[in-house]
Amino acid sequence: MTVLSRDADICAKGGLEPRPVRIVHLGLGAFFRAHQAWYTSEVDPEGAWGISAYTGRSPRAAEELSAQDCLYTLVVRGAEGDDAEVMSVISEAHAAGDLEALCNDLRSPDVSLVTLTVTEAGYGTDAKGSLDRSNSAVQADVKALAQVGEASGAGEGESDACLPQLETALARLVFGLEARRRAGAAAITIVPCDNLPGNGPLTRGVIDEYAACLGSEAAAWIKENVSVTSTSIDRITPKATADDRAAAKDLTGFEDASPVVTEPFASWIIEGEFVGDRPAWEKAGAIFTDDLEPYENRKLWLLNGAHTLLANAAVNRGYETVAEAIGDSEVRAEVEALWDEASRYLPDFVEASAYREALLERFENPHIKHLLSQIGNDSLAKLRIRILPIALKELEAGRDAKGAVPAIAGWIRRQRDGVASPDAQQSAIDEAKAKTGDGGVERALLALLEPELMNYPDFVERVLEAA
């Protein structure tokens with residue numbers, strides 16, 4: 001069986017010659033390849049827009065893709081069966097820490113966009129959206145960038161031979177933007193594509209905080225020449241399994257170590273200014289708007305909120321996938337209760353009722369095996385973003401916020417019992433668990449999640465009882 005390569009006799013949209021790199025992407029994972037990469041491929045039949053992609057926490061995805069010339073199979077799994085195509089939109093794949101390559105990419109005048117899928121935890125922010133200065137990785141990067149700024153001020157300039165060791169994606173991005181400034185390249189647009197409310201302003205704030213560490217000249221250039229858009233993204237993309245790799249092989253005839261499986265549905269809503277060229281993503285259905293927030297909230301609170309509830313509550317009932325869990329009438333009632341509360345705060349024009357019906361149909365698709373263990377990663381950040389806003393609104397209005405209870409209680413239970421999915425903030429969680437005092441680990445975890453919740457003793461008791 002032939003392995004995917006650009007020498008193979010295959011049909012790939014955009015041709016088999018590597019496309020010129022015009023987009024840099026941070027967070028090389030399955031969702032990016034099913035979403036932003038797919039949108040770009042759909043509107044670029046001539047192969048004018050290539051992507052240089054960098055991994056998140058592990059270099060494995062870059063290694064797998066590089067071994068097959070950055071080609072991959074996209075399997076679109078609908079109710080009636082699978083469709084597959086070989087994607088050639090990624091031109092280069094790099095490990096996250098390849099700072100030299102990132103700087104070279106961002107120096108290029110051909111590159112006009114940076115897209116991000118680094119997950120909620122990857123931004124290194126606290127509950128208020130500022131850089132989390134208590135996070136050891138953030139602390140190290142702030143110090144490293146400050147040292148770069150001091151060396152630059154002393155006239156030592158930039159040397160690839162002594163590149164700093166940076167741990168967070170946005171610190172690396174800012175260092176790359178400084179390389180772009182020094183190269184005299186043009187303004188650039190950043191397009192964050194993570195499930196964060198106001199992901200544009202949040203990204204803008206983090207970039208500016210890191211840029212300030214480099215000194216006033218760098219900070220001013222980045223503020224004036226880097227535009228940051230806001231987005232709402234949606235396409236369920238479960239982690240590929242061995243069966244999925246076999247399915248990709250059957251559909252294309254090629255071995256693929258890194259296929260992507262996704263649903264037919266895709267949505268991308270974008271607000272903000274692009275200061276340079278971009279692909280015509282609207283031709284593939286992307287929507288450009290001046291008012292993103294209502295759509296963003298609909299998606300965060302209804303789709304992502306339900307996912308976080310299922311990943312922390314339904315998983316405790318023994319379910320492994322979204323489709324299995326939503327088939328349980330009690331679990332479905334918990335999801336509906338969360339949706340009822342969230343829908344109170346959505347305007348009529350976003351058609352929350354129709355969106356909910358469509359979500360249930362998507363959740364019930366048995367061919368999309370979306371693992372709850374995967375969705376449960378980094379639940380502390382996800383709960384704060386997807387569940388807490390509605391819970392606090394409900395509590396402030398004098399209601400009981402019962403829709404939030406299963407998700408929060410389930411997370412506390414899983415942390416207490418040592419069975420939670422991996423979390424980038426595990427050190428903070430473990431520290432809270434170690435300082436329980438007389439209140440118990442459950443109360444300590446609830447206070448870590450959101451101290452303001454402790455002002456509602458009835459809610460606290462209901463969560464602790466459910467945990």
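This text goes through the overall build of the chain, its nonpolar cores, and then a handful of individual residues.

The structure is a predicted model, in which local features need pLDDT of at least 70 and side-chain atom pairs count only at pLDDT 80 or more, while totals for chains, interfaces and linings use all residues. Residues are numbered from 1 along each chain as its sequence is written, and side-chain values use heavy atoms, with hydrogens and water left out.

The protein chain contains 19 helices and 15 strands; these are DSSP runs numbered from the N terminus, with helices being H or I of at least four residues and strands being E of at least two. The chain is as compact as a globular protein of its length, because its radius of gyration of 22 Å is close to the 23 Å that the globule rule gives for 467 residues. That radius is taken over C-alpha atoms, and the rule is 2.2 Å times the number of residues to the power 0.38. Along the principal axes, the C-alpha atoms fill a box of roughly 60 × 60 × 40 Å.

Of the 467 residues, 55% count as buried. Here buried means under 20% relative accessible area, exposed means over 50%, and partly exposed lies in between, with a 1.4 Å probe and protein chains only. The accessible surface of the chain comes to about 19,000 Å², and carbon and sulfur atoms hold 47% of that area. Areas come from the Shrake-Rupley method with a 1.4 Å probe, and for residues only the protein chains shown count as cover.

Contacts (heavy atoms within 4.5 Å) can be sorted by sequence separation. Among those in the protein chain with a separation of 6 or more, 79% are between residues 24 or more positions apart.

On the charge side, the chain has 45 positive and 76 negative side chains, and the centres of the two sets lie 2 Å apart. Lys and Arg are taken as positive and Asp and Glu as negative, with His and the chain ends not counted. Each charge is placed at NZ of Lys, CZ of Arg, CG of Asp or CD of Glu.

The interior can be described through its nonpolar cores, a core being a set of buried Ala, Val, Leu, Ile, Met, Phe, Trp, Tyr and Cys residues joined through side-chain atoms within 4.5 Å. The largest one has 105 residues, and Y210 and I408 have the most contacts inside it. Helix α15, residues 379-396, gives the most to this core, with 9 residues. A second, separate core of 33 residues includes F32, A37, Y39 and Y72. As for Y210, leaving aside its neighbours within four places in sequence, its contacts include L131, V138, V142, L145 and L170, and also D141 and T168.

I188 is in strand β9, residues 188-192, and counts as buried because its relative accessibility is 0%. The C-alpha atoms of I188 and N225 are separated by 6.5 Å, although the two residues are 37 residues apart along the chain.

L338 belongs to helix α12, residues 329-343. With 2% relative accessibility, L338 is buried. L338 and I387 are 49 residues apart along the chain, with their C-alpha atoms separated by 8.6 Å.

V260 is in strand β13, residues 260-262, and is buried with a relative accessible area of 1%. V260 and W221 are 39 residues apart in sequence and 38 Å apart in space, C-alpha to C-alpha.

R181 lies in helix α6, residues 169-183, and counts as buried because its relative accessibility is 16%.

D69 is partly exposed at 29% relative accessibility, whereas C70 is buried at 4%.
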